[in-house]
Amino acid sequence: MIQYREQLWQRTLIAVGVELQTLCAQKKSWIAAATARIARNQLLMHELYLAADGPAMCCRCQGACCACGTHHFTLVNLLAYLIHGESPPSPNFSQTCPFLGESGCRLPVARRPFNCVIFLCEDVWEQLSEQQQRQARHLENILRRQYLMFDKHFAGSSLHGLLIRAERLDGQALLAPPAGRVAAIG
């Protein structure tokens with residue numbers, strides 16, 4: 001399974017990179033602006049995590065929530081790298097999360113998957129004030145809508161994860177409009 005995921009990752013990374021190069025300037029501009037908005041909101045959510053002393057709590061439990069991260073990385077996360085001519089860190093599919101390293105997540109907060117950013121365990125949640133909890137719910141709703149906007153424009157976008165979506169599309173273009181839809185960016 002590890003080798004299969006590595007091969008699927010490589011094929012998907014190359015395919016999306018090639019497809020991105022063929023997009024018109026307007027679509028590329030939309031992707032850059034949309035991923036920048038997501039990044040800003042993810043950083044705001046992370047500030048709440050830090051305010052609740054989240055890192056210390058994660059150290060105590062050894063980041064158990066990261067054990068569920070195999071498929072969290074999405075097309076949106078990949079595009080946040082590629083639109084700037086960068087590549088994400090190489091995933092290690094022998095880990096419970098392919099982007100988990102010895103010191104925690106190897107992805108910068110602004111480019112982490114939706115599920116990873118919005119998840120605040122019970123211990124962290126309880127350290128937030130009521131106002132901070134409302135803010136966290138609000139940011140989660142905003143981020144969900146921002147991620148789902150990509151689903152309206154690109155067949156390969158899904159909160160279920162990039163590799164799951166790539167596998168289901170079986171070689172079809174990931175940056176094509178979803179079936180039955182003509183994407184209008186702008």
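Helices are DSSP runs of H or I with at least four residues, numbered from the N terminus. Helix α2 is followed by Asp 53, whose phi is positive, near 60 degrees. The model is predicted: local features need pLDDT of at least 70, side-chain atom pairs count only at pLDDT 80 or more, and totals for chains, interfaces and linings use all residues. Residues are numbered from 1 along each chain as its sequence is written, and side-chain values use heavy atoms, with hydrogens and water left out.

The expected span of a helix is 1.5 Å times one less than its number of residues. Helix α2 has 27 residues. From first C-alpha to last, α2 reaches 39 Å, close to the 39 Å expected. Helix α7 covers residues 130-153 and has 24 residues. Its end C-alpha atoms are 36 Å apart, which agrees with the 34 Å that α7 should span at 1.5 Å a residue.

Buried means under 20% relative accessible area, exposed means over 50%, and partly exposed lies in between (1.4 Å probe, protein chains only). In α2, the buried residues are Trp 30, Ile 31, Ala 34, Thr 35, Ile 38, Ala 39, Asn 41, Gln 42, Met 45, His 46, Leu 48 and Tyr 49. They pack against α1, α3, α4, α5, α6 and α7, where contact means heavy atoms within 4.5 Å. In α7, the buried set includes Gln 133, Ala 136, Leu 139, Ile 142 and Leu 143. Gln 146, Tyr 147, Phe 150 and His 153 of α7 are buried too. The partners of the buried α7 residues are α2 (25-51), α4 (75-82), α5 (114-118) and α6 (122-127).

Helix α4 is mostly covered, with eight of its eight residues buried. These are Leu 75, Val 76, Asn 77, Leu 78, Leu 79, Ala 80, Tyr 81 and Leu 82. The cover over the buried residues of α4 includes α1, α2, α7 and α8.

Helix packing follows. Two packed helices are described by the angle between their axes and the distance between the axes. Axes are lines fitted to C-alpha atoms, for helices over the stretch in contact, and angles run from 0 to 180 degrees between N-to-C directions. Angles under 35 degrees count as roughly parallel, over 145 as roughly antiparallel, 65 to 115 as roughly perpendicular and the rest as oblique. Helices α2 and α7 pack at an angle of about 155 degrees, with their axes 10 Å apart. The pair is therefore roughly antiparallel. On the α2 side, the contact is made by residues including Trp 30, Ala 34, Arg 37, Ile 38, Asn 41, Met 45 and Ala 51. On the α7 side, the contributors include Gln 132, Ala 136, Leu 139, Leu 143, Gln 146, Phe 150 and His 153.

Helices α1 (residues 2-22) and α8 have axes that come within 10 Å and cross at roughly 80 degrees. They are therefore roughly perpendicular to each other. Tyr 4, Arg 5, Leu 8, Trp 9 and Thr 12 of α1 make this contact with Leu 162, Leu 163, Ala 166 and Glu 167 of α8.

Leu 20 lies in α1. Leu 20 is buried, with a relative accessible area of 3%. Not counting residues up to four places away in sequence, Leu 20 touches Lys 28, Ile 31, Leu 79, Leu 82, Ile 83 and Leu 175. The C-alpha atoms of Leu 20 and Leu 162 are separated by 15 Å, and the two residues are 142 residues apart along the chain.

Ser 158 sits in the loop between α7 and α8 (162-169). Its relative accessible area is 11%, so Ser 158 is buried. Ser 158 touches Thr 74, Asp 151 and Arg 165, not counting residues up to four places away in sequence. The side chain of Ser 158 reaches the backbone nitrogen of His 160 at 3.0 Å. Ser 158 and Val 76 are 82 residues apart in sequence, yet 8.6 Å apart in space, C-alpha to C-alpha.

Two backbone sites remain. Asp 53 has a positive phi of about 60 degrees although it is not a glycine. Asp 53 lies in the loop between α2 and α3 (54-61). With a relative accessible area of 45%, Asp 53 is partly exposed. Asp 170, also a residue other than glycine, has a positive phi near 45 degrees. Asp 170 is placed in the segment after α8. Asp 170 is exposed, at a relative accessible area of 66%.

Conventions
Polar contact = N/O pair within 3.5 Å; in protein donor to acceptor, adjacent residues only side chain to side chain.
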